[in-house]
Amino acid sequence: MTGTTGNQSSAGHLLQLIRGGRATTRGALQQATGLSRSTVGHRLDQLFAAGWLREGQATPAAGSTGGRPSARLEFDAGHAVVLAADLGTRHATAGLLDLAGNVLAERSGEMVIGDGPDQVLDRLGQWFAALLEEHGTDPSRVCGIGLSVPGPVDFASGLVIQPPIMPGWDCYPLRERMQQAYAAHIRADASVPVLVDNDANLMAYAEQRFGHPDCSAFLLVKVATGIGAGVVVDGRPYRGIDGGAGDIGHIRLHDCQDALCMCGNHGCLAAVASGRALAGQLTAAGVPTTSGSGVREHLAAGRPEAVRLAREAGRRVGEVLVTVVTLLNPGVLMIAGDLAGTPFLTGVRELLYQRAMPRTTAHLDVVTSQLGERAGLIGAAAMVVEDRYAPDRADARLAALAALTAPGERP
């Protein structure tokens, strides 16, 4: 997501203060920025003209002894929309969301990531067009498309890099091809921005943002077909140097050298404790299971063999998380994905509290997902909003709007 650069008192910077709740009246903006009343007024006029702001209910200023209450300034989350998609290995969900993360329309169904990017993205383009039509939304209101994918992503380039479970996607021009597929199905020339990130990163971003906003170090572990982690530090995803952070599913276990992983190596955590691994173990035990979602169904039905294996898988993941939690010292550890139920969580806690130093876990909450299966979708939309309305990006967009709009005409 684009950081804050350039003029710290620009219209985009004022918008950031308003969106973050740090200054929500004209007076508060003057105090926060040191700008004059007329300059603040001019900046706000730009934001109102773009349709990005609205005035909420007036509230008395802090310490006020009377006089006219100040009008509260609010980001108008309904002035534009975002299209987002959360891709799994065999299933996908697409949604139309407002800028506050509310899902306005949604579609989901089988979509096999192994079919390759051309087929998958073309179908996503169909889904996006159908969602806009269903909701009666003009494509001109779409400010961006966000994609959540089950593989490592170099965020700056938008490229998926050497994904173990996404054959045919390595270094594929995903952003450009998504733009083309979308434009083809809305029958228009669409240069709408496309942003891409790893699913665990986006799930962590959404869960922290909407459920644990005061947690400055947040860790989410997704256990589905594979195993991955998302880390959010000070409200921002931590991706590492090229998107490889959080790939804990390929940490080697010293006593499981016979377990073959989808990455081609032996002994990876994902080869032993993922939903895919447990499906294989259940099948070998006489309980036919084809996927992590199948394991989830067995767990929901309380099948003893599934419960036993899920708890043991939790212990295996807990072995690795002892090191991860000691390194990161998070305030929240969230378990999400197909196996995120009581047996797995119990196994994680057993190992974590047994082997980690007491100080490391003294202020750690181990929880499960609050947003559930929508976490990746909501995170993908939030990624787009944060990028499009970051101060420098917002200022560039305002300048472009001003250049296209005749004096006195609202865009």
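Guide: Contact here means heavy atoms within 4.5 Å. Keep in mind that this is a predicted model.

Visitor: OK, which residues is aspartate 76 in contact with, leaving aside its neighbours within four places in sequence?

Guide: Aspartate 76 touches Gly51, Trp52, Leu53, Arg54 and Leu99, once neighbours within four places in sequence are set aside.

Visitor: And where does aspartate 76 lie?

Guide: Aspartate 76 is in the loop between β2 and β3 (81-87).

Visitor: Is aspartate 76 buried or exposed?

Guide: Aspartate 76 counts as buried because its relative accessibility is 18%, and buried means under 20%.

Visitor: New topic. How many aromatic pairs does a search of the whole structure find?

Guide: The search finds two aromatic pairs. In one of them, the ring centres of tryptophan 52 and tyrosine 389 are 5.0 Å apart and the planes are at 80 degrees, so this pair is edge-to-face.

Visitor: Which parts of the chain does that pair link?

Guide: Distant ones: tryptophan 52 is in the loop between α3 and β1 (53-55), while tyrosine 389 is in the loop between α13 (375-388) and α14 (391-404). The two residues are 337 residues apart. Both tryptophan 52 and tyrosine 389 are buried.

Visitor: What about phenylalanine 75 and tyrosine 389?

Guide: Phenylalanine 75 and tyrosine 389 also form an edge-to-face aromatic pair, with 5.1 Å centre to centre and 75 degrees between the planes. Phenylalanine 75 belongs to strand β2 (residues 73-75), 314 residues apart from tyrosine 389. Phenylalanine 75 is buried, as is tyrosine 389.

Visitor: So which residues form one aromatic cluster?

Guide: Trp52, Phe75 and Tyr389 do.

Visitor: What lies over the face of phenylalanine 75?

Guide: Arginine 19 does, at 5.0 Å from the ring centre. Tyrosine 389 has a charge over its ring as well: the charged end of arginine 397, 4.7 Å from the centre.

Visitor: Switching to helices. At what angle do α1 and α3 cross?

Guide: The axes of helix α1 (residues 11-19) and helix α3 (residues 37-49) cross at roughly 80 degrees and come within 9 Å. That makes α1 roughly perpendicular to α3, because angles of 65 to 115 degrees count that way.

Visitor: Which residues meet there?

Guide: From α1, Ala11, Leu14, Leu15 and Ile18; from α3, Val40, Arg43, Leu44, Gln46 and Leu47. By class, that contact has seven nonpolar, one polar and one charged residues.

Visitor: How do α6 and α13 pack?

Guide: Helix α6 (residues 199-211) and α13 have axes 7 Å apart, at an angle of about 80 degrees. Here α6 is roughly perpendicular to α13. Residues in the contact include Leu202, Met203 and Phe210 of α6, and Ile378, Met383 and Glu386 of α13. The classes are ten nonpolar, two polar and three charged residues.

Visitor: Last one. What is phi of glutamine 162?

Guide: Phi of glutamine 162 is near 45 degrees, a positive value in a residue other than glycine. Cysteine 171 is not a glycine either, and has a positive phi of about 60 degrees.

Visitor: Where are they found?

Guide: Glutamine 162 is in the loop between β8 (159-160) and α5 (174-186), and cysteine 171 is in the loop between β8 and α5 too. Glutamine 162 counts as exposed because its relative accessibility is 63%. Cysteine 171, at 44% relative accessibility, counts as partly exposed.

Conventions:
Residues numbered from 1 in each chain as written. Predicted model: local features only at pLDDT ≥ 70, side-chain atom pairs only at ≥ 80, totals over all residues. Heavy atoms only, no water. Axes fitted to C-alpha atoms, helices over the stretch in contact; angles between N-to-C directions. Helix = DSSP H or I, 4+ residues; strand = E, 2+ residues; numbered from the N terminus. Parallel < 35°, antiparallel > 145°, perpendicular 65-115°, else oblique. Nonpolar A, V, L, I, M, F, W, Y, C, P; charged D, E, K, R; others polar. Phe/Tyr/Trp six-rings, centres within 6.5 Å; stacked < 30°, edge-to-face > 60°. Buried < 20%, exposed > 50% of the residue type's maximum accessible area, 1.4 Å probe, protein only. Lys NZ or Arg CZ within 6 Å of the ring centre and 35° of its normal.
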